[in-house]
Amino acid sequence: MAQGARRTAWQVVGVVALAVAVTAFLSVAAVRHGFFDLKVYYGALTFWVHDHGEIYDYLKPGTQYGFTYPPFAALVMLPMAYLPWPAAITVSVAASVVVSAVLIRWLLDPVARRAGWTRWFTLAVALCLAAAFEPMRETVNFGQVNMLLLFLVAVDLLRLLPAGSRWAGVGIGLAAAIKLTPAIFVVYLLVTRRWRAAFTSMAAAVGATLLAAALFPDASREFWTTALWNTGRVGELAFVSNQSLRGVVARLDPEDPSTLAWLVLVLATVALWVRRSRAAVAVGDEATGLALTGAVMCLVSPVTWVHHLVWLIPALILLVDNAVAAPPGSRRRRALTAFAALAYALLISRIVWAWEKDFTGVDGFLGSNTYVWISLALLVLLPIRPWARAAPAGPSGPVEPAGSAVEPAGVPQLVEPDRGTPAGERHRVGAPLTVG
């Protein structure tokens, strides 16, 4: 058997073994939520379309939970009302899986090329690991829309914006019109002074919202005047699943959580995010800008359920990217690898649920907020990748530096003198790179 065929055979065996191991892990660790959130969407849309009720009046029977998204989200989800329930589940799961695979491929493919990893094998391993990731499995089991929103934002920041497309910002605007929290990416564009993309995103969000208002005036009036402000519909702030700074403060005093303490923490966190985001964009590191903004969104949102933490996926992949880019055997490589491994291990462990019933005491404070500490660590410690400069000439011509985590449409790349790659062998997506 040829060496290449032998390598492929071993990789297939490795992927199958990993898939079996992940399946066994999920059979023990994964909680079956029965597509609870999808049932809320489906029930609300059915009540609205077929029973002619108001969508924001609907509550899932026996619960306090109703449709909490803006009317544009209802418009996007409207076809669900005409599907049988099994088909709605199939569409939800398939959509999350497809966009997750595409996003992970965007982030990992250039890393695999630079490191000499087999592309399909790298993606297959990453997807297996993603399936074990608690926020991802919660997103799928709840029937949530998190990965779809992350994908819309990533299209803008990883593909359109680096290409200089006039459409950059539309994805962020649509995501913000579907769910309010991704609007922080509009702020990201503003604080990093990408004015055209910022105003495009605002125009897209306003346009989508006005379209929904024109089509569904009663629902729009109900959402913006009443439903939006009814915080009881989303759950208890002190519940251990709320892994935001607001959740940390609420668990200190569930009866009377300090709004002032929360605001002080939010302001300090946002100030740090603004500084680091500007530094990332200044050197052309759009992927890290995406990752930092995803982390800060999880931290400053009043409610960040565990399934919302899929927004940390870009940061975890970039940790691996930075570890691979560091010199072999270096302290930096060991530290980044350990950081990525520890964060991932904790984020598949369900560790915070050990304090679900009692989060008092020092151990409760530290343990019940574990995912918050990971988000903070990523915000503070995620490396920023410098923009490449002109590379020195090699014996057979100019040698270009190896690529960054994402290389679409002319994004300059990280200088890595220990792993330079001839220009003819480099992976390039989109317009040619101009290094000046």
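This is a predicted model: local features need pLDDT of at least 70, side-chain atom pairs count only at pLDDT 80 or more; totals for chains, interfaces and linings use all residues.
**Entry 1**

Residues are numbered from 1 along each chain as its sequence is written, and side-chain values use heavy atoms, with hydrogens and water left out.

Which residue meets Asp 321 in a salt bridge at 2.4 Å, N to O? I noted Arg 114, taking a salt bridge as a side-chain nitrogen of Lys or Arg within 4 Å of a carboxyl oxygen of Asp or Glu. This pair links distant parts of the chain, since Asp 321 lies in helix H15 (residues 313-325) and Arg 114 in helix H4 (residues 85-115), 207 residues apart. Helices (H or I, at least four residues) and strands (E, at least two) are DSSP runs, numbered from the N terminus.

I then found that Arg 385 also meets Asp 321 in a salt bridge, at 2.8 Å, N to O. Here Arg 385 sits in the loop between helix H18 (370-381) and strand E1 (393-394), 64 residues apart from Asp 321. Arg 385 counts as buried because its relative accessibility is 5%, and Asp 321 counts as buried because its relative accessible area is 1%.

**Entry 2: other salt bridges**

I recorded a count of eight salt bridges by this rule. Among them, Asp 218 and Arg 221 meet at 3.0 Å, N to O, and both lie in helix H11 (residues 217-225), three residues apart, about one turn of the helix. Asp 218 has 42% relative accessibility, so I list Asp 218 as partly exposed.

**Entry 3: nonpolar cores**

I next looked for nonpolar cores, which are sets of buried Ala, Val, Leu, Ile, Met, Phe, Trp, Tyr and Cys residues joined through side-chain atoms within 4.5 Å. The largest has 105 residues, of which Ile 55, Phe 67, Leu 157, Phe 185, Trp 273 and Trp 311 touch the most other members. Its largest share, 10 residues, comes from helix H14 (residues 286-300). A second, separate core of five residues includes Val 22, Leu 26, Ala 30 and Cys 128.

How values were computed. Buried means under 20% relative accessible area, exposed over 50%, partly exposed in between (1.4 Å probe, protein chains only).
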